[in-house]
Amino acid sequence: MAQKSRRQMRQAVHARIRKRVRGTPERPRLCVYRSLKHIYVQLIDDERGNTLAAASTLDKSLGAKGSNMAAAREVGRLIAARALDQGITRIVFDRGGCRYHGVVKALADAARESGLQF
């Protein structure tokens with residue numbers, strides 16, 4: 001039996017998470033994707049299939065670059081600000097199959113400190 005790659009295992013975990021986590025217009029899903037170079041975050045309404053807001057380390061407005069703790073905190077603050085501008089205060093957190101540790105945890109904590117409720 002062939003072993004699964006790290007990417008395939010992350011996708012399987014993400015599929016299990018997505019069975020339970022659904023985004024609504026009142027409480028959208030905050031989806032996190034972490035690559036080796038960048039961090040991407042989206043607020044998604046799964047009922048309509050719309051992305052309500054997005055942020056990443058590729059945004060020109062951010063000073064921090066890369067996939068490190070400082071950049072994750074900046075992206076968390078930015079997505080919280082964009083959500084609050086649209087009147088969104090409550091969200092459902094989707095860690096994207098990654099462990100809730102390090103960069104993902106730093107992003108979530110910064111979003112919470114900036115006013116989002118999980």
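A pocket is an open set of grid points, where a 1.4 Å probe fits, with protein on both sides within 12 Å along at least five of seven lines. In this predicted model, the largest pocket has a volume of about 540 Å³. Two further topics follow: a helix crossing and an aromatic pair.

**The largest pocket**
- Its lining is made up of 16 residues.
- Nearest the centre of the largest pocket lie Arg6, Arg10, Arg34, Gly97 and Cys98.
- Helix H1 (6–20), strand S1 (29–34) and helix H3 each provide at least two lining residues.
- H1 gives the most, with five residues.
- By class, the lining has seven nonpolar, four polar and five charged residues.

**Helices H2 and H3**
- H2 spans residues 69–85, and H3 spans residues 103–113.
- The axes of H2 and H3 come within 7 Å and cross at roughly 35 degrees.
- This crossing of H2 and H3 is right-handed.
- On the H2 side, the contact is made by Met69, Ala72, Arg73, Val75, Gly76, Arg77 and Ala80.
- On the H3 side, Val103, Ala106, Leu107, Ala110 and Ala111 take part.
- The contact of H2 with H3 has nine nonpolar residues, one polar and two charged.

**Aromatic pairs**
- The structure holds three aromatic pairs.
- One of them joins Phe93 and Phe118, with ring centres 5.2 Å apart.
- The planes of Phe93 and Phe118 are 25 degrees apart, so the pair counts as stacked, for which the cut-off is under 30 degrees.
- Phe93 sits in strand S4 (residues 92–94), while Phe118 is in the segment after H3.
- The pair links distant parts of the chain, 25 residues apart.

Terms used
Residues numbered from 1 in each chain as written. Predicted model: local features only at pLDDT ≥ 70, side-chain atom pairs only at ≥ 80, totals over all residues. Heavy atoms only, no water. Axes fitted to C-alpha atoms, helices over the stretch in contact; angles between N-to-C directions. Helix = DSSP H or I, 4+ residues; strand = E, 2+ residues; numbered from the N terminus. Left-handed = near helix turned anticlockwise from the far one by under 90°. Contact = heavy atoms within 4.5 Å. Nonpolar A, V, L, I, M, F, W, Y, C, P; charged D, E, K, R; others polar. 1 Å grid on protein atoms, 1.4 Å probe; cavity = no way out; pocket = protein on both sides within 12 Å on 5 of 7 lines; lining within 4 Å. Points joined across faces, edges and corners; volume = space filled by probe spheres on them. Phe/Tyr/Trp six-rings, centres within 6.5 Å; stacked < 30°, edge-to-face > 60°.
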